[in-house]
Amino acid sequence: MRYHILTLFPEMVSQGLHESIIGRAVDRGVISLEAVNIRDYADNEYGKVDDYPYGGGAGMVMQAEPIYRAYRAVSDRLEKPPRVLHMTPQGKVFTQQMAQEFAKEEDLIFLCGHYEGIDERVLEEIVTDNVSIGDYVLTGGELPAMVMVDAISRMVPGVLSNRESAMFDSFQDGLLEYPQYSRPRQWRGREVPEILLSGHHANVEKWRREQSLLRTKERRPDLL
Ligand code: ADE
């Protein structure tokens, strides 16, 4: 998987994604991350990429041409036209299922907006998917892009080790994950559930399944 992130804040994205599991996957070459600075594609010497909105109103609008050039700088190198995910609260709310679907792509372009918005014409020209991370408004698309890169990467073969494997995580089977315990056996008067100490594998599995169901019913009944 190769990610190409079009942004005005490339350091934010590359720094935020170079730690832990995703950072290691980049180091091992299982995924790659390219943060493209839209400002580098400005058509003026000042690197200005926004302007006042036609029709008036507060705030600035990111202009079409620098974004289009940044997009072409990436897409012209690729064999087939990539999916372009526009980070916007107006998009479809991102889910585990979408993460799995996007993980099948070879390349993904993320377009991160700022200011009041982006000139609609470049969105019409290049965007294939409008995606949101939830019904709240952020100051820019960088955090949503980082959230999605993280969730999608977990679904890319070779990113997670067997131990980290996604198979039984929350949402993977449509249920929330069962509770986990580690040493000590007793902590501040709280005991580890007896069954987990029994060594009886089948019973442990059955208990975990029940806990998953119970937890989902209690915390996220909408998932059932
Ligand atoms: N940009 C601003 N808010 C956003 C959100 N909730 N999801 C995706 N992109 C955004």
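In β6, Asp107 is the bridge partner of Arg2, and Leu111 is the bridge partner of Leu6. Five bridges in total join β1 to β6, and the two strands run parallel. Strands, here and below, are DSSP runs of E with at least two residues, helices are runs of H or I with at least four residues, and both are numbered from the N terminus. Two strands are taken to pair if DSSP finds at least two bridges between them. The model is a predicted one, in which local features need pLDDT of at least 70 and side-chain atom pairs count only at pLDDT 80 or more, whereas totals for chains, interfaces and linings use all residues. Residues are numbered from 1 along each chain as its sequence is written, and side-chain values use heavy atoms, with hydrogens and water left out.

Strand β6 is also joined to β5 by five bridges, again in parallel, and Val84 stands opposite Ile109 in β6. These pairings belong to an open sheet of five strands in the order β2-β1-β6-β5-β8, with parallel pairing. Its edge strands, β2 (32-37) and β8 (129-132), each pair on one side only. On average, neighbouring strands of the sheet are turned by 30 degrees against each other, direction ignored. Axes are lines fitted to C-alpha atoms, for helices over the stretch in contact, and angles between N-to-C directions run from 0 to 180 degrees.

Helix α3 packs on this sheet and touches β1, β2, β5 (83-93) and β6, its direction making about 165 degrees with that of β1. Contact here means heavy atoms within 4.5 Å. Helix α6 (residues 142-153) lies across β1, β5, β6 and β8 and runs at about 160 degrees to β6.

Strand β6 is mostly covered, six of its six residues being buried. A residue is buried under 20% relative accessible area, exposed over 50% and partly exposed in between (1.4 Å probe, protein chains only). Both faces of β6 are covered, with Asp107, Ile109 and Leu111 buried on one side and Leu108, Phe110 and Cys112 buried on the other.

Nonpolar side chains tend to be buried together in soluble globular proteins. The largest nonpolar core of the model has 28 residues, and those with the most contacts inside it are Tyr3, Ile31, Phe94, Phe102, Phe110 and Ile152. Such a core is a set of buried Ala, Val, Leu, Ile, Met, Phe, Trp, Tyr and Cys residues joined through side-chain atoms within 4.5 Å. At least two residues of this core are supplied by each of β1, α2 (20-27), β5, α4 (96-102), β6 and α6. Helix α6 gives the largest share, six residues. Leaving aside residues up to four places away in sequence, Ile31 touches Met1, Tyr3, Ile22, Ala25, Val26, Ser153, Val156 and Val159. A second, separate core of 21 residues includes Leu8, Val49, Ala70 and Val122.

Aromatic rings of Phe, Tyr and Trp (its six-membered ring) pair if their centres lie within 6.5 Å; planes under 30 degrees apart count as stacked, over 60 as edge-to-face and the rest as tilted. By this rule the model has two aromatic pairs. The ring centres of Tyr3 and Phe110 are 6.0 Å apart and their planes stand at 55 degrees, so this pair is tilted. The pair links distant parts of the chain, with Tyr3 in strand β1 (residues 2-7) and Phe110 in strand β6 (residues 107-112), 107 residues apart. Both Tyr3 and Phe110 are buried. The rings of Tyr68 and Tyr71 also form a tilted pair, because their centres are 6.1 Å apart and their planes are at 35 degrees. Tyr68 and Tyr71 are three residues apart in helix α3 (residues 64-75), and are thus separated by about one helical turn. Tyr68 is partly exposed at 24% relative accessibility, whereas Tyr71 is buried at 11%.

The chain is divided into domain 1 (2-153) and domain 2 (168-223), with bounds that come from an automatic or database domain assignment. The centres of domain 1 and domain 2, taken over C-alpha atoms, are separated by 37 Å.

Some backbone features remain to be described. A cis peptide bond, with omega about 5 degrees, joins Arg183 and Pro184; Pro184 is found in the loop between α6 and β9 (186-187). Ser20, in helix α2, has a positive phi near 55 degrees although it is not glycine, and is partly exposed at 49% relative accessibility. Arg188, in the loop between β9 and β10 (190-191), has a positive phi near 45 degrees and is exposed at 74% relative accessibility.
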